[in-house]
Amino acid sequence: MSTIELLRREWAAFRRPGRLIALAAAALSVIALGLLFASGNRSSCDWPCPTVPIADDGAVVSDRFWFLHRDLGREGSITVRMTSMTGTITYPPPNHDQIVSGLVPWAKVGIIVKDGVGQGSPYAAVMMTGNHGVRFQYDYTHDVAGSAGGVSQQSPRWLRLTRSGDTVTGSESADGRQWRTVGVATLDGLPDTVQVGLFATSPGDLTLRRIGLGGATEEVRFTQAVGVFDNVAVEGGGIGAWDSDPVGEMNHTDWERYHHASGAVEKDGVITVSGTGDIGPRGEEGALTAEKTLPGLAVALTIVIVVAARYGARTARERASRRVAAARSGVVAAATFVTGMLAVGVVLPAGIAILRANGIPVQPLPLLSGARVVVGVAAVLALCAAFTYGLGVWLRRGWAAMLTGLSLIALPYTVTAVPLLPDAVSEWLLRLTPAAGFAIRQTAAEYPQVTAHYAPSAGYFPLPGWAGLAVLCAYTAITLWIAVGRRPATSTDWR
């Protein structure tokens, strides 16, 4: 019998009503729970919701800072001397009266060139940071390191931005005479007149609160950064008066209302700028990512494991030949792959559309990334089915294969998705178990210039997608080699 004929025969035998109903239930669980999650998330505020900044590429970004600015033409520069950078961190209610001085690591104070004052518009900036020295950043995701260290009256920092058409160059100096280029950015499509000036911003201070068996949830404290400048000079194209504006909402917190409002103050040639917020990529707290529409994967995975384990045990009881056992592993994997493709292919675009219709910001999903999630998740489910089928053949008991499959795949995948275990334990589970394969579904990006809780419970896998898939492939290959490889080369098919 040819391989194609054998596969056809095994497929005809596999498609019993019970198995097809189970796989249909797996697909429906992914679709139903995903649509339920999307429908249950709606944007609601006690007052008009703040505008969500959208960059030119469609990404949801952070873009909130205080801006002292003026016009700048196609050729020109701004130079400043910075003599101080301080900050304040306040505790959230009910302990908001606890105030400490200090800067969060990615507080930013410096100078910026920006296409207007609208949120999400292109920009380039050179700045001092709370704990990462001088940086040149542009268009939200790009970050170039300058010199390390801080700033003080005794050790001031000179900063300069130079515009030549669409090209913006950031430079730094210790004395205002010898300059070093930090970075160069090309901002395509900049208008003839842009805004240039001084800015200050400071993201929330992230702290982790322990819960469960050592898991952690995020808490964010309000912070504010203050920079002091002098020797401000705009040359070669600077026109008009200075304006002082917030980019994004500001001065709504109790600290800003009653203690120190964000803004810009000039006295005797010295300018003090204070602000809160951030300029850069936006994490999970600001915008959902596509894989959040897949909460039903855990249910579907459990159903797939049960079906595959029982089918593997049946193969062992029937004393099927090595060739038949291999064909059956291919059939169960293929059926699961198609099930996963249909389910994820439906819920991913539908869930994203519903979330956006409900006013929930969702990070854009490029076509290739979406295809990778759909095909990748389907492939992972298929590999999990083949792995559990191999366990059924090997262990010869359906219940034993189910228990082993659930323990090695479903349990790690489920417990690491919530803040139950310590982050380090969750990360090792997703490195060492077959559940590592689900890293293929991650679309959330990690940025070194953004302080966030990069943990499995927040949607970040410790391995890249290809590496997690390789771990799952290794488990599947070894299990099938042990289970199928020891079957007799030929035997009677006791179907």
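A disulfide is a pair of cysteine sulfur atoms within 2.5 Å. A search of the whole structure returned 0 disulfides. The model is predicted, so local features need pLDDT of at least 70 and side-chain atom pairs count only at pLDDT 80 or more, while totals for chains, interfaces and linings use all residues. Residues are numbered from 1 along each chain as its sequence is written, and side-chain values use heavy atoms, with hydrogens and water left out.

Cys384 is buried, at 0% relative accessibility. Cys473 is partly exposed, with a relative accessible area of 33%. Buried means under 20% relative accessible area, exposed over 50%, and partly exposed in between (1.4 Å probe, protein chains only).

Helices are DSSP runs (H or I, at least four residues), numbered from the N terminus. Helix α4 covers residues 297-317, a run of 21 residues. Its expected span, 1.5 Å times one less than its number of residues, is 30 Å, and its end C-alpha atoms lie 30 Å apart, in agreement. Arg319 follows α4 and has a positive phi, near 55°.

Helix α5 (residues 322-357) packs against helix α9 (residues 465-485) at about 145°, with the axes 9 Å apart. Axes are lines fitted to C-alpha atoms, for helices over the stretch in contact, and angles run from 0 to 180 degrees between N-to-C directions. In α5, Arg322, Ala325, Ala326 and Ser329 meet Leu480, Val484 and Gly485 of α9; contact means heavy atoms within 4.5 Å.

Technical notes: Helices (H or I, at least four residues) and strands (E, at least two) are DSSP runs, numbered from the N terminus.
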